[in-house]
Protein chains: 2
Amino acid sequence: MVEFQEISPADFFYRNRDIAGFTNPARALYSTVRELVENSLDACESVGILPNIYVRLTHVSGPLDRVAVFKIRVLDNGSGVPEHNIPLAFGKVLYGSKYRLKQTRGAFGLGGKMAILYGQITTNKPVRIVSSTGSSHVYEYVLTVDIRKNEPKILGKKNYENVNNWRGVLVEFYTEGDYYRSSSRILDYLKQTAMVNPYAEIIFVDPRGYLHIFERGVDEMPPAPKETLPHPYGVDVEALKRIIADTKVKSLMEFMTTHFHRVGKATAYKFLSEAGLNPDMNPKKLSQEDIVKLVNHMKNFKGFLPPDASCLSPLGEKLLKAGIEKELKPEFVAVTQRKPSSYSGYPFIVEVGIAYGGSILKPGITLYRFSNKIPLLYDETSDVSWKVLNEMIDWSRYKVEVTIDPVAVIVHICSTKIPYKTVGKEFIADRPEIEHEIINGVRIVARQLMLHLSRKKRVQMERAR
Amino acid sequence: MVEFQEISPADFFYRNRDIAGFTNPARALYSTVRELVENSLDACESVGILPNIYVRLTHVSGPLDRVAVFKIRVLDNGSGVPEHNIPLAFGKVLYGSKYRLKQTRGAFGLGGKMAILYGQITTNKPVRIVSSTGSSHVYEYVLTVDIRKNEPKILGKKNYENVNNWRGVLVEFYTEGDYYRSSSRILDYLKQTAMVNPYAEIIFVDPRGYLHIFERGVDEMPPAPKETLPHPYGVDVEALKRIIADTKVKSLMEFMTTHFHRVGKATAYKFLSEAGLNPDMNPKKLSQEDIVKLVNHMKNFKGFLPPDASCLSPLGEKLLKAGIEKELKPEFVAVTQRKPSSYSGYPFIVEVGIAYGGSILKPGITLYRFSNKIPLLYDETSDVSWKVLNEMIDWSRYKVEVTIDPVAVIVHICSTKIPYKTVGKEFIADRPEIEHEIINGVRIVARQLMLHLSRKKRVQMERAR
Ligand SMILES: Nc1ncnc2c1ncn2[C@@H]1O[C@H](COP(=O)(O)OP(=O)(O)OP(=O)(O)O)[C@@H](O)[C@H]1O
Ligand SMILES: Nc1ncnc2c1ncn2[C@@H]1O[C@H](COP(=O)(O)OP(=O)(O)OP(=O)(O)O)[C@@H](O)[C@H]1O
Ligand SMILES: [Mg+2]
Ligand SMILES: [Mg+2]
């Protein structure tokens, strides 16, 4: 007798937690730190405030050189979470505020919950969330995740008067981890986060009680990312049907100019006539066949302006160069920011840096990958940047000896949608448009390195005489 | 004003369909064929019947050498789906019959729906399902997936008298695809599926109308995989709490022997005394701290018998060798089946084959990967087998010249839970226990190849005299 079953999204990601980056206690501890720090950075950015993030990992019980129980505490000065959203934001999988078309670190409505869930299934203890949005009160919740139902179970709730006008979030829970095995990755993650978020201050207290301070490098927030409208090139039938169902406009002309990115009256008129559709027709009157026709015309019409990347918030060449110099202390750095491009209607910007020598001691090419200012430290050989560096760049052309010269290549991609191949955000798919920008970015900075290396060689040869 | 949102699992996988292997029309067509064929093979296996699977891909409109609209039709003679489960099985994401602890190709309750969903969002047409479980009636449903609600929308429903006593499933829908770009992968997939499922007959009619027949190689089904109980080593707090909540037994002794794999009275008694727990205690009386203690003791107790792999259904050395010989026609084949092992309480068996020369023309080592009799054709460089072949085997020790000799290595892993790293089942995580079995399996067959190569060389040298 075949038994059918429906499982909740929390149950799905509990059963398949290695797919979300929670494979074993060492890896889970890393994922826990990254998911919480990324939430805090997003929160500060959303209210344009210089981030102050405090991470404390305390050893609670068990051996220090193996799997043990830890307490994790992350405190930020970001937007905070409104009171009635707190239990769901931290207790319901596939719930969040980042399902918009906007450059954010978060994307799935899952990360924070995965960390909390892993802590719960290894220690059976609840999570404590304290937050205020700067209102008159501070709210505290103690809750667990009902995994089968995908719902928070509130065990306790308090509120205090917000005497210090505090705003932000404190997350605290217990989890099984293996700090001995994951400490170098965790410290690398924080170091690289500081490198591409130089306006953030991060304080990390490790299980031995050591204080690691990643000081603010600049005192100014970069322009905030903005939410944008979908581009016609990225539309499919489902997306179009939803826009039609929710729209208040009464004509196809207004439909095109209101709901799509960079579509003005002239473009809309030209498009609709080419598609053979009446500009005055009510979009809700489109037949099922018309909808498919409209989607196909949208994908193929050559007259749409490409996505505008003004909604994005890249690092910028100045900050990228400064970050590389501060972290890697090389003898030479070159950076470049590629012109904005797009894939499937999503705008993106690629920024590439190359660094050589100085404190970079490891021979060969070391790759540093970033997406939306998140360091990616796992599965590098599956990533599009790795593929570019290893299969598409002839390093000998740039006088770089790939087994001897100490070179670092830094690639940052920012977009309203990063094409991660995994739910754990480990590596990025090799979309042709993105590959194209990375190749060209690497070529530009590699050429500058080549000039530096040949200049250096000339100087050495002259000295030898 | 921060806007929070909950999205359904269908919405999540619609928005992130590239994470499930539906990246572009070419890749989506491949994923569509594989998901439906794997469902049919599981269905036949579940009722112990020799599979007859018919796949037809018809070109409907658009160019034949680029993105176009296709109709896909897959018919099997498997278990069929009971009438009231049909709409949910094909219209609700995270719904299925494979959430059991049993070796099946399916695992996520998602694959068939992803294919149907992709067809729906590219063509706006519904899916037609016809099925019977061999009862007096055959049922036909025409439905779409309500993505926002994650529910099927039934557009039409018929039933016929089952005059031929038919049992099985027919799935039919329209989808955007790119056969020109994905045909070689689709044919490879079917060829390799035939290689490791020699008892199946697969007929594929491609868009040009060509018939590809993959004939049955053997007329006997292998022993069917069986559902098994969880092993103590694989338990976490959530899993234990569910077993406690659902159990009818009244003592911890009975709890251990009833709900866990290979735990007899003597083992249970020894375990409970070592854990300091009373064998007569009612499991529902365990405190929250006791539960955590119990989980930790279960993970660390040395006296449990390792997971028994009699629930698994491997290929077997005879069939693996025959499949390799039939498909690759090499000059030499060696195969080995490793002893059963386990990771995190899940039993698994690794089978490795090596083939050399003959019709294998491509110089170098070509890797063929299989998990639960599914061919894995993407992202090989991220897979544990690739890592083993490239980083852990010194081929020169086996007299194999890795840039010249035409060698194929075949790795099959079967388990009650395959540690896929992605929802699209593209590659397998490098769990140490699995890595260990693959390395040793490869060494065994590589050694046999070495003997063959040195024998061959000796013969050639003698002839040269
Ligand atoms: N420190 C924080 N400050 C403010 N809001 C937060 C914080 N942490 C989480 N949130 C809120 O909770 C929501 C859920 O967070 P969660 O990490 O589970 O998902 P996400 O960040 O939206 O996406 P992802 O799964 O990619 O991380 C967020 O969208 C955000 O609105
Ligand atoms: N051809 C078929 N014959 C019988 N049952 C089927 C068939 N196709 C699908 N089903 C049923 O529908 C369910 C859902 O299928 P679906 O492919 O969506 O998920 P799954 O196979 O369980 O897991 P996965 O996502 O890993 O493929 C299956 O579990 C099975 O019970
Ligand atoms: Mg998050
Ligand atoms: Mg399936």
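**Ligand site and a strand**

Modeller: Helices (H or I, at least four residues) and strands (E, at least two) are DSSP runs, numbered from the N terminus. This is a predicted model, where local features need pLDDT of at least 70 and side-chain atom pairs pLDDT 80 or more, while totals for chains, interfaces and linings use all residues. Residues count from 1 along each chain as its sequence is written, chains are lettered from A and ligands numbered from 1 in the order written, and side-chain values use heavy atoms, without hydrogens and water.

Colleague: Which chains does ligand 1 lie between?

Modeller: There are 25 residues around ligand 1, and among the nearest are Ser97(A) and Leu110(A); near means a heavy atom within 4 Å. Helix H3 (86-91) and helix H4 (111-123) of chain A are among the elements that each supply at least two shell residues. Still, the ligand sits between chains A and B.

Colleague: How far is an oxygen atom of ligand 1 from an N or O atom in the side chain of Lys425(A)?

Modeller: Polar contacts here are pairs of N or O atoms within 3.5 Å. On the backbone side, Gly109(A) has a polar atom 2.9 Å from a ligand oxygen, and Gly111(A) has a backbone N or O atom at 2.6 Å from one. For the side chain of Lys425(A), the distance is 2.5 Å.

Colleague: How much of ligand 1 does the protein bury?

Modeller: Taken alone, the ligand exposes 590 Å², by the Shrake-Rupley method with a 1.4 Å probe. Of that area, the protein buries 96%.

Colleague: Over in chain B, how many of the 11 residues of strand S13 are buried?

Modeller: Buried means under 20% relative accessible area (1.4 Å probe, protein chains only). Strand S13 (residues 346-356) of chain B is mostly covered. The count is 10.

Colleague: Which residue in S16(B) stands opposite Ile354(B)?

Modeller: Two strands pair if DSSP finds at least two bridges between them. S13(B) runs antiparallel to strand S11 (residues 332-337) of chain B over six bridges, with Ala334(B) opposite Ile354(B). Nine bridges join S13(B) to strand S16 (residues 406-415) of chain B, also antiparallel. There, the residue facing Ile354(B) is Val409(B).

Colleague: And which residue takes a positive phi in the hairpin of S12(B) and S13(B)?

Modeller: Strand S12 (residues 341-343) of chain B joins S13(B) through three antiparallel bridges, and Ser342(B) partners Pro347(B). The hairpin has two residues between the strands. The one with phi near 50° is Ser344(B).

Conventions:
A polar contact is a pair of N or O atoms within 3.5 Å; within protein, one must be able to donate a hydrogen and the other to accept it, and residues adjacent in sequence count only if both atoms are side-chain atoms. Buried means under 20% relative accessible area, exposed over 50%, partly exposed in between (1.4 Å probe, protein chains only).
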